[in-house]
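Please read these notes with the coordinates open.

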Amino acid sequence: MALSPQRQDTGLQDALQRLKFAFRDAVDKTMDDLSPGAATPPTGASREDATAGHHELSRKQSGLVMAFNESMDDAVATEL
């Protein structure tokens, strides 16, 4: 039995949403793993550099997730 186009679209959208959430969670976990406190705490200037680097990654994190989401939407639209 074939699914109606509306049910197919709903299933595809649900799967796409789960993929986007999984990507965002993976980015969050990576950011946590890269945090300055996750490893042996560096001392002095190297700690400041690690903190500054983590801050820069955090700042760009939402842009990465948004770009991924947009690329996925475009790729799915192209394939359909």
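1. Glu 56 is partly exposed, with 31% relative accessible area; the classes used here are buried for under 20%, exposed for over 50% and partly exposed in between, with a 1.4 Å probe and protein chains only. This is a predicted model, in which local features need pLDDT of at least 70 and side-chain atom pairs count only at pLDDT 80 or more, while totals for chains, interfaces and linings use all residues. Residues are numbered from 1 along each chain as its sequence is written, and side-chain values use heavy atoms, with hydrogens and water left out.

2. Glu 56 makes a salt bridge with Arg 59, at 2.6 Å from N to O. The term stands for a side-chain nitrogen of Lys or Arg within 4 Å of a carboxyl oxygen of Asp or Glu. The two residues are 3 apart in helix 2, a separation of about one helical turn. Arg 59 counts as exposed, at 51% relative accessibility.

3. Lys 60 also pairs with Glu 56 in a salt bridge, and here the closest N and O atoms are 3.5 Å apart. Lys 60 and Glu 56 are 4 residues apart in helix 2, again about one helical turn. Lys 60 is partly exposed, with a relative accessibility of 49%.

4. Which parts does the pair of Lys 20 and Asp 73 tie together? The salt bridge between Lys 20 and Asp 73 has its closest N and O atoms 2.7 Å apart. Lys 20 lies in helix 1 (residues 5-34) and Asp 73 in helix 2 (residues 44-79), so the pair joins parts that are 53 residues apart in sequence. Lys 20 is buried, at 12% relative accessible area, whereas Asp 73 is partly exposed at 33%. In total, the structure holds 4 salt bridges.

5. The secondary structure consists of 2 helices and 0 strands; helices (H or I, at least four residues) and strands (E, at least two) are DSSP runs numbered from the N terminus. Of the contacts between residues at least 6 apart in sequence, 64% join residues at least 24 apart, a contact being heavy atoms within 4.5 Å.

6. Of the 80 residues in the protein, 14% are buried. The accessible surface comes to about 6200 Å², and 58% of this surface belongs to carbon and sulfur atoms. Accessible areas come from the Shrake-Rupley method with a 1.4 Å probe; for residues, only the protein chains shown count as cover.
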